[in-house]
Amino acid sequence: MASIDLVGVSKQFGALSILDDVNISIGDREFVVLVGPSGCGKSTLLRMIAGLEPISDGTISIDGAIVNHLGPQKRDLAMVFQTYALYPHMTTAQNIGFPLKLRGSSPEQIERSVARVASTLHLEALLDRQPRALSGGQRQRVAMGRAMVREPRAFLFDEPLSNLDAKLRHHMRIELRQLHKSLGATSIYVTHDQIEAMTMADRIVVMNRGKVEQIGTPLELFDRPANTFVAGFLGSPTINFAKARLSAGSKDVTFEDGIYPLALNGASDIAAQDVIAGVRPQHIEIVATDVAPLKGTVVLVEHTGCETNVILDVGNSEWTVQTLSRHRLNQGEQVGLKFDPAHLHLFSASSQERILW
Ligand SMILES: Nc1ncnc2c1ncn2[C@@H]1O[C@H](COP(=O)(O)OP(=O)(O)OP(=O)(O)O)[C@@H](O)[C@H]1O
Ligand SMILES: [Mg+2]
């Protein structure tokens, strides 16, 4: 297994800058998820780590040794793609064993390795079937098996579950995590699905427009997003934002529609300034208007069965409040909104970077 280090990695296609000064250190046995919107450079970065795409600047090291000039075979990393690319005329056993055959392993050796991988992936009963007789999830497991049989130094996954339906994705998410636990293999996993990132990662790398926005554990990023982009990218429903003004000494935050007292310790040296305030839908309580400093007008109530999403006009912004109680609310009704100041995220209106705690 292996540690992987990216230092100052950049990529240009012609005059176009695709990745800019990417620095990521991935520990041995770590499961790191690269997440970000479509086109932000995730696949390009993964292909550069795999050695399938040359880098324009910086260094990529595996176990401390720079591999910039090594081809994909010499890097000994296995890549699993969204499209499984199985050979249609080969059985499961032949597909899984193929990399070993290419390597010139003996038939006995191949059989032993295929049996071991098939047992880990619960594919024993499917070894004689061709891909067309397998479900999407089973095909994805065969593709995994083909990567595992090589015993690579690390696994690189590029959206391996995006062709599966929601239920199967959930199932495969759990399987992949369990597999990672048992193999202890260093893994880099690319997705644009924030739920996949939150549930699977030891650490998440949030990318945007070719840059790393923040690196941390799922809960670090959720609880203390470094900027408005990360705050808005992770969490469902999306975090609520509103323009506001932070008072000198951080005593309170003035929203368009009311003043919210903060009563915080240790933030008294911060100057008064325009801010973007963020509160997650799950952290807001709907209360009577006379006991809340902030008010909103009900636009819509959505019942999902378990939770209720209340969509509100708060000043010039649209907010969502998610609660477990089934409020009886009418469109146009005014309600009070309450939250613990510890759950208020404040970002500088000019830089969009987090300020305060
Ligand atoms: N060979 C190429 N020549 C020029 N531009 C390219 C090339 N390959 C990729 N790009 C551009 O680089 C950017 C990043 O692409 P990439 O495939 O890495 O994005 P991604 O984050 O994986 O997106 P998605 O989530 O849609 O898969 C895109 O704007 C893409 O158009
Ligand atoms: Mg991609």
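1. Let me start with one residue: Gln 94 lies in helix 3. Please keep in mind while reading that this is a predicted model. Is Gln 94 buried, exposed or partly exposed? With a relative accessible area of 43%, Gln 94 is partly exposed, because the label covers values between the 20% limit for buried and the 50% limit for exposed. Across the chain, the C-alpha atom of Gln 94 is separated by 8.2 Å from that of Leu 127, and these two residues are 33 apart along the sequence.

2. Now the helix around that residue. Helix 3 spans residues 92-103, and its buried residues are Thr 92, Asn 95, Ile 96, Gly 97, Pro 99 and Leu 100. What do these buried residues pack against? Their partners are helix 4 (107-120) and helix 5 (136-148).

3. Next, the ligand site. The residues surrounding ligand 1 include a run written as Pro 37, Ser 38, Gly 39, Cys 40, Gly 41, Lys 42, Ser 43 and Thr 44. Phe 13, Ile 18 and Glu 159 are also among the surrounding residues. Which helix gives the most to this shell? Helix 1 (residues 42-50) does, with three residues.

4. A backbone N or O atom of Gly 39 sits 2.8 Å from an oxygen atom of ligand 1, and for a backbone N or O atom of Gly 41 the distance to a ligand 1 oxygen is 3.0 Å. Lys 42 takes part through its side chain, where an N or O atom is 2.8 Å from an oxygen atom of ligand 1. On its own, ligand 1 has 640 Å² of accessible area, and the protein covers 57% of it.

5. Stepping back to the overall fold, the protein has nine helices and 21 strands. Its C-alpha atoms fill a box of roughly 80 × 45 × 35 Å along the principal axes. There are 357 residues, of which 50% count as buried. Taking contacts between residues at least 6 apart in sequence, 66% join residues at least 24 apart.

Notes: Residues are numbered from 1 along each chain as its sequence is written. Chains are lettered from A and ligands numbered from 1 in the order in which they are written. This is a predicted model: local features need pLDDT of at least 70, side-chain atom pairs count only at pLDDT 80 or more; totals for chains, interfaces and linings use all residues. Side-chain values use heavy atoms; hydrogens and water are left out. Buried means under 20% relative accessible area, exposed over 50%, partly exposed in between (1.4 Å probe, protein chains only). Helices (H or I, at least four residues) and strands (E, at least two) are DSSP runs, numbered from the N terminus. Contact means heavy atoms within 4.5 Å. A residue is near a molecule or strand if one of its heavy atoms lies within 4 Å of it. A polar contact is a pair of N or O atoms within 3.5 Å; within protein, one must be able to donate a hydrogen and the other to accept it, and residues adjacent in sequence count only if both atoms are side-chain atoms. Accessible areas come from the Shrake-Rupley method with a 1.4 Å probe; for residues, only the protein chains shown count as cover.
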